[in-house]
Amino acid sequence: MNILIDNPDFPFQCSGDDLGQWLQWAQMIIPASDRPDGLQELTHLITLVTNINRLDLRLETYWHQGDIHSKLSLDELGQLWERRWQEAVPLQYLLGVAHWRDLILEVTPAVLIPRPETEELIDLALQLTRDRHVPTTGHWLDLGTGSGAIALGLGQQLPQSHIHGVDASAEALAIAKTNIHRYGLQERITLYHGSWFQPLSHVRGKIEVIVSNPPYIPSSMIDHLQPEVKNHEPRLALDGGTDGLMAIKTLAIAAPDYLKPGGWLLMELMAGQGDRVISFLESLGQYSSLAIAADMNQIPRFLMAQTIA
């Protein structure tokens with residue numbers, strides 16, 4: 001059981017004065033270079049594990065409260081917060097929880113922490129059903145499912161479809177299975193252990209849309225990433241080979257055999273990869289309607305490609 005997801009109880013109590021003093025200490029240990037983001041993380045932590053909301057925190061009304069209820073003791077919170085900054089462990093791994101779209105997902109270092117920009121892959125997929133009349137039924141595919149975030153996002157929005165999720169990591173699939181069962185979608189989301197399309201021969205040529213956030217970071221760049229990423233997130237989900245395009249090219253080559261004629265491939269890319277990816281897909285001669293869509297920050301981020309019908 002994940003105490004922050006499955007347990008509605010708040011077994012620990014402290015006074016508002018005790019919480020106020022703890023918050024002063026917690027703010028002091030945030031490194032100066034991380035202070036703005038660190039303060040946001042601190043707010044998220046307190047609202048997640050206590051009965052204090054963001055407004056109470058901003059107005060500091062908790063100082064005047066009697067008993068404040070929490071899922072963790074102040075000692076446990078202190079140990080967790082120290083690890084966050086001393087070891088650069090992502091808060092999501094320390095809590096075992098990530099918020100993504102309207103989902104609360106269990107996460108461990110076996111899975112990539114789902115990012116806000118990846119949420120937009122779901123929006124692009126839904127846009128295809130409206131603008132390109134892609135069927136909302138049939139088979140949809142999430143390659144490299146990790147925590148199951150994309151599969152769950154699709155499953156929630158496409159209740160008449162069947163979602164297939166594939167991952168090469170058995171540990172990641174165990175997390176995805178937990179998340180899918182928590183939302184009661186195990187009848188409509190099927191998980192497979194294997195490399196990309198390898199376990200999917202039974203749906204070859206039947207898939208409406210493939211959605212994927214594959215590894216796309218060039219191998220030489222990984223050791224230069226933030227310590228939270230390079231030291232804690234799974235390299236399998238990050239490393240895109242020498243040019244960052246190894247997995248992207250593998251999926252682009254194989255996808256037309258698994259998609260229905262006129263089916264769609266949606267992939268998240270790293271900023272700056274769009275032109276090279278478009279050129280590569282054009283060279284294959286199996287796609288039309290090639291485009292790169294920008295994310296919420298106007299960064300070219302997502303490949304949209306339709307197979308030739």
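In what order do the seven strands of the open sheet stand? I opened the predicted model to find out.

**Entry 1: the sheet.** I read the order as β7-β6-β5-β8-β9-β11-β10, and the pairing is mixed. I then looked at the edges: β7 (189-193) and β10 each have a single partner strand, so one side of each has no neighbour in the sheet. From one strand to the next, I get an average twist of 15 degrees.

**Entry 2: β5 and β6.** I followed β5 (residues 138-143) alongside β6 (residues 161-167) and found them parallel, with six bridges. Leu141 has His164 of β6 as its bridge partner. Helix α9 (residues 170-182) packs on the sheet here, where it touches β6 and β7, and its direction makes about 170 degrees with that of β7.

**Entry 3: the β10 and β11 hairpin.** Next I went to β10 (residues 287-294) and β11 (residues 300-307), which run antiparallel and are joined by six bridges. I noted Ala293, whose bridge partner in β11 is Phe302. Five residues lie between the strands of this hairpin, and Gln298 takes a positive phi near 65 degrees. Helix α13 (residues 274-284) lies across β10 and β11, at about 170 degrees to β10.

**Entry 4: Lys71.** I finished with a lysine in the loop between β2 (67-70) and α5 (74-86). Is Lys71 buried or exposed? I found Lys71 buried, yet without a salt bridge; Asp9, the nearest side chain of opposite charge, is 8.6 Å away. A polar atom of the Lys71 side chain does lie 3.0 Å from the backbone oxygen of Asn7. Beyond four places in sequence, the contacts of Lys71 include Ile3, Leu4, Phe10, Phe12 and Val49.

Terms used: Residues are numbered from 1 along each chain as its sequence is written. This is a predicted model: local features need pLDDT of at least 70, side-chain atom pairs count only at pLDDT 80 or more; totals for chains, interfaces and linings use all residues. Side-chain values use heavy atoms; hydrogens and water are left out. Helices (H or I, at least four residues) and strands (E, at least two) are DSSP runs, numbered from the N terminus. Buried means under 20% relative accessible area, exposed over 50%, partly exposed in between (1.4 Å probe, protein chains only). Lys and Arg count as positive and Asp and Glu as negative; His and the chain ends are not counted. A salt bridge is a side-chain nitrogen of Lys or Arg within 4 Å of a carboxyl oxygen of Asp or Glu. A polar contact is a pair of N or O atoms within 3.5 Å; within protein, one must be able to donate a hydrogen and the other to accept it, and residues adjacent in sequence count only if both atoms are side-chain atoms. Contact means heavy atoms within 4.5 Å. Two strands pair if DSSP finds at least two bridges between them. Axes are lines fitted to C-alpha atoms, for helices over the stretch in contact, and angles run from 0 to 180 degrees between N-to-C directions.
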